Amino acid sequence: MSSVLFDVPGPRARLRHRLYAVLGVAVLVALIAFVVYRFAESGQFDSQKWTWIQYEKVQIDLLDALLNTIKAFAAGAVLALLFGAIFAAGQLSDHKVIRVPSMVVVELFRAVPLVVLIFVFHYGVSLGAPFYSVVLGLTLYNGSVLAEVFRAGVLSLPRGQSEAAYAVGMRKTQVMNYVLLPQAVRAMLPAIISQLVVLLKDTALGFLITYEELLRYARYVGSIFEFGRPLVPVTIVVAAMYIAMCLLLTWLATYLEKRNRRDKKVIELAQKPAEDVVAAAV
Amino acid sequence: MDVLLDNLDLYGPGFLNTVELFLISAVGSLVLGTILAMLRVAPVPVMRAMGAAYVTIVRNTPLTLVFFFFAFAFPLLKIVDAETFGGSASGYYFTAALAALILYTAAFVCEVVRSGINTVPVGQAEASRALGLTFGQMLASVVLPQATRAVVPPMMSTMIALLKNTTIAAGFSVFQAGSISANLAERGENQLIGLLWVAAFFVVLVIPMTLLQRSLEKRWSIAR
Amino acid sequence: MRVRTLAVALLAGGLALTACGKEGGPGDTGSPSQQVAADVKVDGSPTFDKIKARGRVVIGVKEDQPGLGYKDPTSGKFTGFDIEIAKLVAAKLGYGDDKIDFKAIPSAGREQALINGDVDYYVGTYTINAKRKEQVAFAGPYFTAGQDLLVKKDDNSITGKDALKGKKVCSVTGSTPIQKVKSEGLTEPENIVELQNYSQCVEQLEQGAVNAVTTDDAILKGYASQSPTTLKVVGKPFSNEPYGIGLPKDDKALRDKVNDILQAALDGGDWQKAYEATLGKSGSTAEKPVLDRY
């Protein structure tokens, strides 16, 4: 698509572009080198600040914390997808009695900060272990965003699809289940996965109600005097872990999208509104 | 109600600061995000690569870590002197929070704008090239104005998310809505009621944004 | 295929990580052991009935305050004065060290943890005040702290709370000490720094980004004793912070029992022992508090 925006570069432009590339990479390398140099200068790479990583207990606890993050993510993701599907169907319902409450629920949970949701569930409703409050909060918030994604996906399908389905005598539920949803989900896969990336990042808010996840553990280790309060080193490691996990998910999205494109059965949408919805959700 | 009235000294400045933080970073991220989106569709490959790399990395990092970088790691780089920067400690942390919010949100704005550009029919770009417009002219006067239409709903969601994300600044020395509950806990107030008030304020702030989105959507919608 | 390579790589990485682990910690410290009481009865205490049914006692504590409530990351053991008091109470209730579950709970979650029953009681720099008594009950005080200042050792310009004007002061977001600094105007609003925990403040102090860290002297002494060559506590407390043991609000039976235990410990020397093994190590002495029964 973007190739339409400009002419194919000629030999001179290509040469110029190569020059830009070299310059750009040089600037980037210089920038990274500068950051590393300053960190080293301020002692962030001193061996004492990295001793924490050698202890078995710390390693195991770190992995445990990582596992807790992944657990909350997995449970939250499955439930959010379910919630999203149900409320998307609710919003698309022909009956006002179902449509209006569904819309209210989705709008409400999109508006309230996730932190507040988690707090209310843990402290207000007393769900017991922090895990449940974290998962419920993640489910409701991300589920509402996903509901919007699904809805946009179904709406963006060509009308002919549902018309044809009705014409062959399908009932409303059948049209939704057999014709519209499967296509919508496929078309929206990248969007859905990027919302799941958001969900993964949001698990970090669990630390507020003492859920023992990765970021909480990082903050704790970063405050330990015996290790030289390795706040910056620990953060570098944990940031790398988060980015790696999210990248894996994003790659999954790209992979699925590519496989989709090869699949002739998928309908090319003129617009992808759901992708926009998700590009937006943070 | 008592919790709200007894602690107006928290709620008032808290929400004013939230709105201030939101407005400045909204403008900043819109500008930076649009520039990034232009980079991502630019003719020069290295620009596209850099734009893509920025978006990939920033979008996959939890916002707390971005905040963390600006509050604690950035001063170590000694690019600016933390002692004098902004003239004061709170000035420094406020600027740090703005930087974190703008840089983070810009990545999302960039994706929204880019997908908006993709909705503009190919013929528009071809026609403007045929007229001899340069790449910059074409984007600025033909493609981006038309992309605005498709961009409104997702952009509003991005901005709502930004509004809610400002609460994370509480842990980084910026007093705003997110700091209220910590203050209330120390005063021994009922935190749940305090938090419900915070939630209510957010709903009140978000509703007009949603309404604006709906009306813009309706006004600018065209049959294709 | 690529997925399998990735899995293998991850597995290998994980193995390598765990294989080279060191055991033990950089510093282990002993603590006085308590005699466990047998056949304890607390009539009419729902909390105690719950403890009995469970067979274990769950105590809420802090995990990041050296000298008071501190969790060793290499062994997972809790140490500090608050921990010793918590253990002492547990022992007199009939539960030895092996039957205690410590649960780290930050300041903001204390009341709710007690209301929810997540913990049986809470020992962690918990200042007794009237507002809090509306939600929870307090036994004690078992210690009296006061707001003080932590500064760099070579900094002689900050002598007390009235010398803070123009200085950058750091504390935890929304904490009582920083609210006091604000409301009394001890320094300009733009010089107030609020971070997530005290150790981040101490880190900023050591880097020179702030001039002073303020909170209860007991907490500050813990940090000062960690870095005696670079940091010092000013030593002029300007508030009165009686630390109590947080209990569920309506459990008067357990509150009286805990007060009895504390009184016995104060009179019998167990309190002194606990203090000397933890906070007292820095050489400072402390006055015994007077219990406030209600």
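1. In which sense do strand E8 and E12 of chain C pair, and over how many bridges? Strand E8 (residues 147-152) and E12(C) pair in the antiparallel sense, over 3 bridges, where strands are DSSP runs (E, at least two residues) and helices are DSSP runs (H or I, at least four residues), numbered from the N terminus, and where two strands pair if DSSP finds at least two bridges between them. Within this pairing, Lys152(C) stands opposite Leu231(C) of E12(C).

2. A word on the basis of these remarks. This is a predicted model, in which local features need pLDDT of at least 70 and side-chain atom pairs count only at pLDDT 80 or more, while totals for chains, interfaces and linings use all residues. Residues are numbered from 1 along each chain as its sequence is written, and chains are lettered from A and ligands numbered from 1 in the order in which they are written.

3. The sheet that holds E8(C) and E12(C) is open and is formed by 5 strands in the order E10-E9-E11-E8-E12 of chain C, with mixed pairing. Its edge strands are E10 (192-195) and E12 (231-233) of chain C, each of which pairs on one side only. Neighbouring strands of this sheet are turned against each other by 30 degrees on average, direction ignored; axes here are lines fitted to C-alpha atoms, for helices over the stretch in contact, and angles run from 0 to 180 degrees between N-to-C directions.

4. Two helices of chain C pack on this sheet. Helix H6 (residues 176-183) of chain C touches E8, E9 (169-172), E10 and E11 (212-216) of chain C, and its direction makes about 160 degrees with that of E10(C). Helix H8 (residues 217-226) of chain C touches E8, E11 and E12 of chain C, and its direction makes about 155 degrees with that of E12(C). Contact is meant in the sense that the C-beta atoms of two residues, placed from the backbone, lie within 7 Å.

5. Chain C also has an open sheet of 3 strands, in the order E2-E3-E4, with antiparallel pairing. Strand E2 (64-65) and strand E4 (78-79) of chain C stand at its edges with a single partner strand each, so one side of each is left without a neighbour in the sheet. E2(C) is joined to strand E3 (residues 69-71) of chain C by 2 bridges, and Asp64(C) has Tyr70(C) as its bridge partner in E3(C).

6. For chain C as a whole, there are 10 helices and 13 strands. Of its 294 residues, 51% count as buried, a residue being buried if 20 or more other C-beta atoms lie within 10 Å of its own, exposed if 12 or fewer, and partly exposed in between, with C-beta atoms placed from the backbone. Among the contacts in chain C with a separation of 6 or more, 73% come from residues 24 or more positions apart.

7. The largest nonpolar core has 227 residues, and those with the most contacts inside it are Phe67(B), Ala97(B) and Leu150(C); such a core is a set of buried Ala, Val, Leu, Ile, Met, Phe, Trp, Tyr and Cys residues joined through C-beta atoms within 7 Å. H5(B) gives the largest share of this core, 20 residues. Leaving aside neighbours within four places in sequence, Leu150(C) is in contact with residues including Leu205(C), Leu220(C), Leu231(C) and Val233(C).

8. The contact between chains B and A takes 48 residues from chain B and 48 residues from chain A. On the side of chain B that touches chain A, the largest share, 10 residues, comes from H7(B), and the residues of that side divide into 31 nonpolar, 12 polar and 5 charged. For these classes, Ala, Val, Leu, Ile, Met, Phe, Trp, Tyr, Cys and Pro count as nonpolar, Asp, Glu, Lys and Arg as charged, and the others, Gly among them, as polar.

9. In the contact of chain C with chain A, 25 residues of chain C meet 20 residues of chain A. Helix H1 (2-19), helix H4 (110-116) and helix H7 (198-207) of chain C each supply at least two residues of the side of chain C that touches chain A, and by class that side has 7 nonpolar, 13 polar and 5 charged residues.

10. Two backbone values deserve a check. Ser173(B), which is not a glycine, has a positive phi of about 60 degrees; Ser173(B) lies in the loop between helix H7 (135-165) and helix H8 (180-187) of chain B and is buried, with 26 other C-beta atoms within 10 Å. Thr125(C), also a residue other than glycine, has a positive phi near 40 degrees; Thr125(C) lies in the loop between strand E6 (121-122) and helix H5 (130-133) of chain C and is buried, with 22 other C-beta atoms within 10 Å.

11. In chain A, 9 of the 9 residues of helix H8 (residues 214-222) are buried, so this helix is largely enclosed by the rest of the structure. Among the buried residues of H8(A) are Arg216(A) and Arg219(A).
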